[in-house]
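The following paragraphs lead the reader through one protein model. They begin with confidence and then turn to the sheet, a helix and the charged pairs.

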Amino acid sequence: MSGRDLFCQPRRFGRGAALTLVFAGVLVAGAATGSFPDNGQGSHSGRKTAAGPARSASHEDVREAAARAMADGKSPMEAAERAVSRSGDRWGAVYSEDEYQEFRDALDGQYTGVGLWARREADGRIEVTRVQSGSPAADAGIRAGDRLRSVDGGAVDGRPVTEVVSLLRGDADDAPAGTTVTLGLQRGTRAWTETLHRARLSTDSVTTRKLPGGVTVIRIASFTKGSGHAVRAAVRQAPAGIVLDLRGNSGGLVTEAVDTASAFLDGGLVATYDVDGAQRALHARAGGDTARPLVALVDGGTMSAAEMLTGALQDRGRAVVIGSRTFGKGSIQMPTELPDGSVAELTVGHYRTPSGHAVDGRGITPDLDAGPGALRRAETVLTGLGDPS
């Protein structure tokens, strides 16, 4: 397992939020923070948004439970968590004011950390796999391949990489930028310690590389602000076929996923969705590249907005989808602010692919199954598809 010190699940959360917050990605937000255009249906101000039989509680119910608790001198957040839990809403969650702001920052492509990616090896050792340029870790001379032995004096061997990253970020103390963290490191026979100051960093959720045969691999880790623009720029520079790597993409801003779809489609339907029972549609902009051969790689960690994009490219015949069945998170959440500043999110609807396929609980079945060799298979498929004329 691998990850980075980008965004870990908060310390307190409502039922189902542990699934909602996937390590090394950004919250699969659906409608949260405006990632789904609500067209007047639902708002951040907390109007009632009952979504029919999918759940039994509304934002109004949760907000009233929190208000009663506050009037009684009890915790509004805990009361809201109980109300969300009773609703049976799998994706319903309650966040503190700071947690929700952290989430919004993550969707804006910002996070607090030291700029390390890490993974746990088979023997339990934690190895640095990447260092973000310009980050505190990079300034300290830490390199990919270095072994991370300890964080603030505590050994990390054998610990889940999620816990290690949480320590790097200082999640337990809500550590802000400027606070320090001391790392024990090893490179070959050299062992040393580095004390770093955490910083506010920008994510680079879209990365591009070219394979020896000329294929361009565009990897999207999550849909944060600007992801669509970055993908469109990469497409323009691609000399031949493209692999769109959505493996492990936990979702993010739906507007950015639609913008990404616009890079490969010449207008047309991306998805339909309902909010409060009202049907809406999302459309790609005209003028996308429809000529270059395209393969999309997916797996069980491909979720939410990434599934919506995959479904659009598959249903529209634009891409061959390779990998394994996706996660199956096709619901939409909308937030409401509670009296103490915390935020509750409840499911208000679901989306479908252009052909009407319901993603929630089902996922998307790839055109070709592939495991660890998915990228090699993608190259083979692109060869068969041929270059654009």
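The protein has an average pLDDT of 83, and 85% of the residues score at least 70; pLDDT is the predictor's confidence in each residue, from 0 to 100. Over residues 1–56 the pLDDT is below 50, although this stretch has 210 contacts in the model beyond near neighbours in sequence. A contact here means heavy atoms within 4.5 Å. Where pLDDT is low, the predicted coordinates should not be read in detail.

This is a predicted model, in which local features need pLDDT of at least 70 and side-chain atom pairs count only at pLDDT 80 or more, while totals for chains, interfaces and linings use all residues. Residues are numbered from 1 along each chain as its sequence is written, and side-chain values use heavy atoms, with hydrogens and water left out.

The sheet comes next. Helices (H or I, at least four residues) and strands (E, at least two) are DSSP runs, numbered from the N terminus. Six strands form an open sheet in the order β11-β12-β13-β16-β17-β20, with mixed pairing. Its edge strands are β11 (206–210) and β20 (368–369), each of which pairs on one side only. Two strands pair if DSSP finds at least two bridges between them.

Strand β12 (residues 216–220) pairs with β13 in the parallel sense over four bridges. Together with helix α7 (residues 227–237), β12 and β13 make a right-handed β-α-β unit. A crossover is right-handed if, with the strands pointing away from the viewer, the path from the first strand over the helix to the second runs clockwise.

In a regular strand the side chains alternate between the two faces of the sheet. In strand β13 (residues 242–245), Ile-242 and Leu-244 point one way, Val-243 and Asp-245 point the other way, and all are buried. Buried means under 20% relative accessible area, exposed over 50%, and partly exposed in between (1.4 Å probe, protein chains only).

Strand β13 also runs parallel to strand β16 (residues 294–298), to which four bridges join it. Here Val-243 stands opposite Val-295, and Leu-244 has Ala-296 as its bridge partner. Strand β16 is mostly covered, with five of its five residues buried. Leu-294, Ala-296 and Val-298 point one way from β16, while Val-295 and Leu-297 point the other way.

The pairing continues into β17, which joins β16 in the parallel sense over four bridges. The bridge partner of Ala-296 in β17 is Val-321, and that of Leu-297 is Ile-322. With α9, the strands β16 and β17 make a right-handed β-α-β unit.

Another part of the chain holds helix α3 (residues 76–87). This helix has 12 residues and reaches 17 Å from its first C-alpha to its last, close to the 16 Å expected at 1.5 Å a residue; the expected span is 1.5 Å times one less than the number of residues. Among the buried residues of α3 are Met-77, Ala-80, Glu-81 and Val-84. What covers the buried residues of α3 includes α2 (59–71), β2 (93–95), α4 (97–107) and β19 (343–352). Just after α3, Gly-88 takes a positive phi of about 75°.

Charged pairs complete the picture. Side chains of opposite charge can pair when their charged atoms come close. The structure holds 13 salt bridges, a salt bridge being a side-chain nitrogen of Lys or Arg within 4 Å of a carboxyl oxygen of Asp or Glu.

In one of them, the side chains of Asp-146 and Arg-187 meet at 2.7 Å, N to O. Asp-146 lies in the loop between α5 (136–139) and β6 (147–151) and Arg-187 in strand β8 (residues 180–187), so the pair ties together parts that are 41 residues apart in sequence. Asp-146 counts as buried at 1% relative accessibility, whereas Arg-187, at 22%, counts as partly exposed.

Arg-219 is partly exposed at 31% relative accessibility, while Asp-245 is buried, with a relative accessible area of 5%.

Arg-318 and Asp-289 form a further salt bridge, with their closest N and O atoms 3.9 Å apart. Arg-318 lies in the loop between α9 (305–315) and β17 (320–323), and Asp-289 in the loop between β15 (278–284) and β16, 29 residues apart. Arg-318 is buried, with a relative accessible area of 12%, and Asp-289 is buried with 16%. Finally, salt bridges that share partners join Arg-119, Glu-121 and Glu-127 into one network.
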